[in-house]
Amino acid sequence: MWLSICACATVQADTPLGWMNSDHLSAYTLNARKVDFTASTIAVNESIDFLNIREDLLAGTRQLEGDSGDLDGNRFELQVGITSFLSAFYRRQQQDLTIDLGEISSINLTEIDSGLATTATGYGLKWNFFEAGHFDDAQSWQAASLELTRTENSTDDFSGALNRITLSGNATVLFTEPQTFRLQDMEDDGWQARFLYSFPLGSKMTTTLWLGYAETSATSGTGSDIKVASLATAFDQSFSVDENQMLVGAGLNWQATPRIPVQLSYEYISITNSDVTTLVNPSNVLLPSFLRANNLGNVDADANHTLKGSISFWITPKFNISLTGKLFSNQFLGVIPHYNNPLSGSFSEQPYGYAGIQLGLQL
């Protein structure tokens with residue numbers, strides 16, 4: 001479920017631009033001293049399974065079972081008009097992605113976390129450096145903008161405890177007390193630039209095209225509290241990725257009726273360069289696949305197609321309800337770069353998506 005409350009800068013809610021929410025990319029900026037705020041809850045589960053994406057994730061990845069693929073969290077975005085041509089924005093999304101691992105033969109788990117808790121943030125400026133045909137806010141016009149974004153994402157440690165480790169040759173080591181291990185240091189940061197151009201297609205439709213470039217640096221690793229040094233070194237690993245991305249996208253805003261707008265957007269993310277570095281200690285410990293560094297080399301995808309859509313109904317000039325959906329061809333590939341770790345990287349080539357209900361309020 002996706003719930004939004006929006007205080008937007010448009011003049012009239014049941015005319016063009018009344019459907020222009022802050023989470024939909026466009027070249028338009030807020031008027032000076034105007035504020036736009038959205039707050040959302042997002043989820044996908046057995047009951048909310050957009051195009052059976054969650055079931056396909058389970059079917060395509062043998063190590064996942066149960067409620068794996070469930071997602072719930074929240075998102076908010078704040079935009080502030082500094083001048084009529086310059087806006088500042090801040091975006092933050094927190095999500096919990098359920099990871100329910102099946103039986104693991106190489107270790108005996110006594111407990112393990114149930115998911116990845118991730119916080120994704122972005123903040124920056126949008127500069128409207130060109131516009132034409134702007135007579136009033138009731139009709140769309142031509143506009144071009146440059147959007148600069150700083151991105152920072154992080155995921156809490158994914159921890160577990162074990163009381164048995166298998167060595168090469170099928171020898172085993174038993175512990176009298178469970179020993180902890182974890183995926184750790186999962187974070188990334190970078191920057192992104194987009195050029196956006198919006199223009200009307202008749203009196204009821206507006207299109208936005210954009211082209212962008214991004215650079216990110218991501219880290220992740222594994223560690224443990226095992227006291228036996230010869231065993232602990234097997235869990236002492238680090239992974240880092242530096243990547244460059246090209247972004248191409250288009251958005252469509254169609255006022256189907258005066259109170260029913262439809263929004264569609266598509267973005268293609270291409271990873272043009274990826275430099276992966278792994279630091280692994282030689283060991284005879286048979287690590288489970290979700291900790292193994294060689295799993296990072298099994299991801300062949302270098303692009304992601306993302307599609308967003310919504311249809312809204314303006315119940316009053318200031319209040320609306322929407323059905324929304326978002327679809328990724330390769331889960332969070334390129335969207336959350338630190339998902340390069342062996343656990344989430346192992347299913348990054350699986351499609352993923354969610355649907356929701358959105359409420360909007362203009363104040």
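Reply: A residue is called exposed here when its relative accessible area is over 50%, and buried when that value is under 20%; what lies in between is partly exposed. The structure is a predicted model, and the account below should be read with that in mind.

The largest share, three residues, comes from β5.

Thr208 belongs to strand β9, which spans residues 205-224. Its relative accessible area is 1%, under the 20% limit, so Thr208 is buried. The side chain of Thr208 is joined to that of Ser198 by a polar contact of 2.7 Å.

The charged side chains come next. Side chains of opposite charge can pair when their charged atoms come close. Over the whole structure, eight salt bridges are found. In one of them, Glu77 pairs with Arg91, and the closest N and O atoms are 3.2 Å apart. This pair links distant parts of the chain: Glu77 is in strand β2 (residues 71-83) and Arg91 in strand β3 (residues 86-98), 14 residues apart. Glu77 has a relative accessibility of 1% and is thus buried. Arg91, with a relative accessible area of 16%, is under the 20% limit and so is buried too.

Arg91 has a further partner, Glu147, and their side chains meet in a salt bridge of 3.3 Å, N to O. Here again distant parts of the chain are linked, for Glu147 is in strand β6 (residues 142-155) and Arg91 in strand β3, 56 residues apart. Both Glu147 and Arg91 are buried.

Another salt bridge joins Arg150 to Asp189, with the closest N and O atoms 3.5 Å apart. Arg150 is in strand β6 and Asp189 in strand β8, 39 residues apart, which again links distant parts of the chain. Arg150 has a relative accessibility of 33% and counts as partly exposed. Asp189, at 34%, likewise counts as partly exposed. Salt bridges that share partners join Arg75, Glu77, Arg91, Glu147, Arg194 and Glu267 into one network.

Gln93, in strand β3, makes a side-chain polar contact of 3.4 Å with Arg75. A polar contact of 2.9 Å joins the side chains of Gln93 and Gln95. With a relative accessible area of 14%, Gln93 falls under the 20% limit and is therefore buried. Not counting residues up to four places away in sequence, Gln93 touches Ile42, Asn74, Arg75, Thr118, Thr119 and Ala120.

Phe235 lies in helix α2 (residues 229-235), and at a relative accessible area of 1% it is buried. Beyond residues up to four places away in sequence, the contacts of Phe235 include Leu162, Ile165, Phe181, Leu287 and Leu291. Thr222, Gly223, Ser224 and Ile226 are also touched by Phe235. Asn281 is 46 residues from Phe235 in sequence and 8.3 Å from it in space, C-alpha to C-alpha.

Finally, the strand pairing around β12 can be followed residue by residue. Strand β11 (residues 260-279) runs antiparallel to strand β12 (residues 303-316), and nine bridges join them. Strand β12 is also joined by ten bridges to strand β13 (residues 319-328), again antiparallel. A hairpin through two residues connects β12 to β13. Ser310 illustrates both pairings: it is the bridge partner in β12 of Gln263, while its own bridge partner in β13 is Thr324.

Technical notes. Residues are numbered from 1 along each chain as its sequence is written. This is a predicted model: local features need pLDDT of at least 70, side-chain atom pairs count only at pLDDT 80 or more; totals for chains, interfaces and linings use all residues. Side-chain values use heavy atoms; hydrogens and water are left out. Helices (H or I, at least four residues) and strands (E, at least two) are DSSP runs, numbered from the N terminus. Buried means under 20% relative accessible area, exposed over 50%, partly exposed in between (1.4 Å probe, protein chains only). A polar contact is a pair of N or O atoms within 3.5 Å; within protein, one must be able to donate a hydrogen and the other to accept it, and residues adjacent in sequence count only if both atoms are side-chain atoms. A salt bridge is a side-chain nitrogen of Lys or Arg within 4 Å of a carboxyl oxygen of Asp or Glu. Contact means heavy atoms within 4.5 Å. Two strands pair if DSSP finds at least two bridges between them.
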